[in-house]
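Here is a friendly briefing on one protein chain, arranged by topic. Keep the picture beside you as you read, and try to find each part as it comes up.

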Amino acid sequence: MRGADAALTDLAVNVRAGTPPEWLKARIAASLDGLAAYPDGRAAREAVAARHGLPAGRVLLTAGAAEAFVLLARALPTRRPVVVHPQFTEPESALRDAGHTVERVVLDERDGFRLTPGAVPEDADLVVIGNPTNPTSVLHPADALAELARPGRTLVVDEAFMDAVPGERESLAGRTDVPGLVVLRSLTKTWGLAGLRIGYVLAEPDTVTALERVQPLWPVSSPALVAAEACCTPSALAEAAYAADRMAADRAHLADRLAELAEVRVCGPAAGSFLLIRLPGAAAIRTRLRELGFAVRRGDTFPGLGPDWLRLAVRDPATTDRFVIALAKAVAESAD
């Protein structure tokens with residue numbers, strides 16, 4: 001965090017703490033010697049393709065996964081786009097900014113925010129869903145998502161947090177048998193590269209070509225391309241896998257500690273690097289937590305949620321223990 005918020009312990013942003021690692025910073029720093037040349041994304045594209053067992057023609061590198069939402073909104077002639085909520089709000093914003101009328105499928109808390117068969121209109125020609133979903137941390141079964149595919153439909157699965165899931169179970173990233181599938185990935189969460197902007201699209205070659213046509217020239221900088229290539233090496237993938245296992249353990253610790261507070265309901269089972277919680281008076285408690293040194297993410301900006309929801313990034317057990325003490329204090333004060 002920056003400015004006046006720099007002293008806060010940040011549980012609002014879902015970037016892994018302690019990143020980027022030193023070896024990655026060194027690779028990025030070394031790339032600065034080549035800044036006089038225009039970016040060449042061929043090596044990074046090949047690396048991403050190899051990482052997922054795909055041909056390079058099915059890969060498009062982007063300035064963060066968020067850029068891909070803008071490209072999709074501009075490039076695809078959709079008539080009835082549907083966004084499954086609660087989820088990251090940028091896909092819907094990009095579609096609306098491009099002049100599309102967007103329909104929402106809002107998943108129900110009573111179903112654990114899980115996808116209900118038949119919830120998506122049959123004639124929707126563009127469907128956007130997150131997996132695992134931000135902010136609910138729900139991991140939908142890959143087969144259930146694949147069943148959303150239809151002739152003439154583009155199925156966009158935002159897997160920005162999938163590398164935080166041990167084994168990346170339920171990922172569709174390497175699938176070529178799902179018609180109209182578009183998978184979005186981000187390297188900013190696990191590797192701490194939100195300021196560098198690097199992500200990618202995995203899709204059928206014709207879709208990649210259509211997106212590339214509306215993409216600005218040289219959209220991904222040379223340092224970001226170097227980072228993409230570096231994060232696809234076997235050693236980097238092993239490090240990410242280890243981090244995912246640690247994340248799962250730390251998330252379980254956070255859930256266990258939150259369970260000690262009767263007023264707090266944890267949305268689960270969770271699979272992402274964050275937890276969604278519900279508690280009465282969350283807005284006032286969020287303000288009090290800031291006074292106690294912790295920043296958490298409000299939930300009411302996500303369609304389908306209201307003022308009683310907060311999203312918490314997973315941190316190490318010591319940070320979690322300090323946070324739960326502060327949360328218990330804020331909850332107790334709100335009851336007085």
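Between domain 1 and domain 2, about 2600 Å² of area is buried, and carbon and sulfur atoms give 62% of it. The size of an interface is often given as the accessible area lost when the parts come together. Keep in mind that this is a predicted model.

**The two domains**

- The chain is divided into domain 1, made of residues 9–17 + 236–333, and domain 2, made of residues 22–233.
- Their C-alpha centres, one for domain 1 and one for domain 2, lie 25 Å apart.
- On the domain 1 side, 28 residues are in contact with 35 residues of domain 2.

**What links them**

- How many salt bridges are there between domain 1 and domain 2? The count is two.
- Glu 109 and Arg 265 meet through their side chains in a salt bridge, at 3.4 Å from N to O.
- Eleven residue pairs are in polar contact between domain 1 and domain 2, counting pairs with both residues at pLDDT 80 or more.
- On the side of domain 1 that touches domain 2, α9, β10 and β12 each supply at least two residues.
- Helix α9 gives the most to that side, with eight residues.

**The five-stranded sheet**

- Follow the strands in the order β1-β11-β12-β10-β9 and you have traced an open sheet of five strands with mixed pairing.
- Its edge strands are β1 (9–11) and β9 (265–266), and each of them pairs on one side only.
- Strands β10 (residues 274–278) and β12 (residues 309–313) run antiparallel and are joined by five bridges.
- Helix α9 (residues 234–258) lies across β9, β10 and β12, and runs at about 15° to β10.
- Helix α10 (residues 282–291) lies across β11 (294–298) and β12, running at about 155° to β11.

**The seven-stranded sheet**

- Another open sheet has seven strands in the order β2-β8-β7-β6-β5-β3-β4, again with mixed pairing.
- Strands β2 (59–62) and β4 (103–106) stand at the edges with a single partner strand each, so one side of each is left without a neighbour in the sheet.
- On average, neighbouring strands of this sheet are turned by 20° against each other, with direction ignored.
- In which sense do β3 (residues 81–85) and β4 pair? They pair in the parallel sense, over four bridges.
- For Val 82, the bridge partner in β4 is Glu 103.
- Helix α2 (residues 42–52) lies across β2, β7 and β8 (199–203), and its direction is at about 125° to β2.

**Salt bridges across the whole structure**

- A search of the whole structure finds 22 salt bridges.
- One of them joins Glu 168 and Arg 185, whose closest N and O atoms are 2.8 Å apart.
- Glu 168 sits in the loop between β6 (154–158) and β7 (181–186), while Arg 185 belongs to strand β7, so this pair ties together parts that are 17 residues apart in sequence.

Definitions and conventions: Residues are numbered from 1 along each chain as its sequence is written. This is a predicted model: local features need pLDDT of at least 70, side-chain atom pairs count only at pLDDT 80 or more; totals for chains, interfaces and linings use all residues. Side-chain values use heavy atoms; hydrogens and water are left out. Two strands pair if DSSP finds at least two bridges between them. Contact means heavy atoms within 4.5 Å. Axes are lines fitted to C-alpha atoms, for helices over the stretch in contact, and angles run from 0 to 180 degrees between N-to-C directions. Domain bounds come from an automatic or database domain assignment. Buried area is the accessible area (1.4 Å probe) that two parts lose on being put together, summed over both. A salt bridge is a side-chain nitrogen of Lys or Arg within 4 Å of a carboxyl oxygen of Asp or Glu. A polar contact is a pair of N or O atoms within 3.5 Å; within protein, one must be able to donate a hydrogen and the other to accept it, and residues adjacent in sequence count only if both atoms are side-chain atoms.
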